[in-house]
Amino acid sequence: MVSHCELRELICSADAVCFDVDSTVIREEGIDELAKFCGVEAAVSEMTRKAMGGALPFKDALTERLALIQPSREQVQRLLAEHPPHLTPGIRELVSRLQERNVQVFLISGGFRSIVEHVAAKLNIPTANVFANRLKFYFNGEYAGFDEMQPTAESGGKGKVIRFLKEKFHFKKIIMIGDGATDMEACPPADAFIGFGGNVIRQQVKNNAKWYITDFVELLGELEE
């Protein structure tokens, strides 16, 4: 196990921290909430569980789930207006503390950009620091697929984003924080991975993460001067 001193040094010396969004920064799984809103919750949430556990390639799972949901532009807008995502306790304070320390904070999500940008605004994270999947719509607002060119649309995509960030900004130490297998797989190129189980526990992640937390207060404590 990593010692307490090493953990403190790790979180305190990072120049960038990347967060997963669904079940990490927010309490919900965005795609499951959209499925519930569109009346196909049961089939989609089972597919989400398999994808997050690493049993199904991410792009395949995303394609199949969206084919079931067929969300229109209006439905996505209504979901955000009527059932906005709930921030995980402690995340607002943690992001604020990191930003005070001039640490760059990024949101890297396999979810949808329209939802993730809504979350980013609540946390004062610029949209330029958001990496997520883009839904496509026809002129009449009906579902037309998703942008398959986004790195977040496929397995290993979060690692590609982190590699891009390192090349663009020359970050020396990036930490990835998330609840799922796709987050854990992003290390490397991330320099460290912190598993988060505050909303849902993925057993594969809990068993394999060197540092696993269930409350953001633990990280806030590390950042105390």
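Is cysteine 18 buried or exposed, and what is its relative accessible area? In this predicted model, cysteine 18 is buried, with a relative accessible area of 0%; buried means under 20% relative accessible area, exposed over 50% and partly exposed in between, with a 1.4 Å probe and protein chains only. Residues are numbered from 1 along each chain as its sequence is written, and side-chain values use heavy atoms, without hydrogens and water. Because the model is predicted, local features need pLDDT of at least 70 and side-chain atom pairs count only at pLDDT 80 or more, whereas totals for chains, interfaces and linings use all residues.

Strands here are DSSP runs (E, at least two residues), as are helices (H or I, at least four), both numbered from the N terminus, and two strands pair if DSSP finds at least two bridges between them. An open sheet is formed by 6 strands in the order β3-β2-β1-β6-β7-β8, with parallel pairing. Strands β3 (130-133) and β8 (211-213) each have a single partner and stand at the edges, so one side of each is left without a neighbour in the sheet. From one strand to the next, the twist averages 20°; axes are lines fitted to C-alpha atoms, for helices over the stretch in contact, and angles run from 0 to 180 degrees between N-to-C directions.

Strand β1 (residues 16-19) runs parallel to β2 (residues 104-112), and 4 bridges join the two. Opposite alanine 16 stands glutamine 104 in β2. Helix α7 (residues 91-100) lies across β1 and β2, at about 155° to β1. Helix α8 (residues 113-122) also packs on the sheet, where it touches β2 and β3 and makes about 150° with the direction of β2.

Isoleucine 177 belongs to strand β6 (residues 174-178) and counts as buried at 0% relative accessibility. Its C-alpha atom is 6.2 Å from that of cysteine 18, 159 residues away along the chain. Beyond four places in sequence, the contacts of isoleucine 177 (heavy atoms within 4.5 Å) include Cys18, Phe19, Ile194 and Phe216.

Finally, the structure holds 0 disulfides, a disulfide being a pair of cysteine sulfur atoms within 2.5 Å. The closest cysteine sulfur to that of cysteine 18, in cysteine 187, is 11 Å away, too far for a bond.
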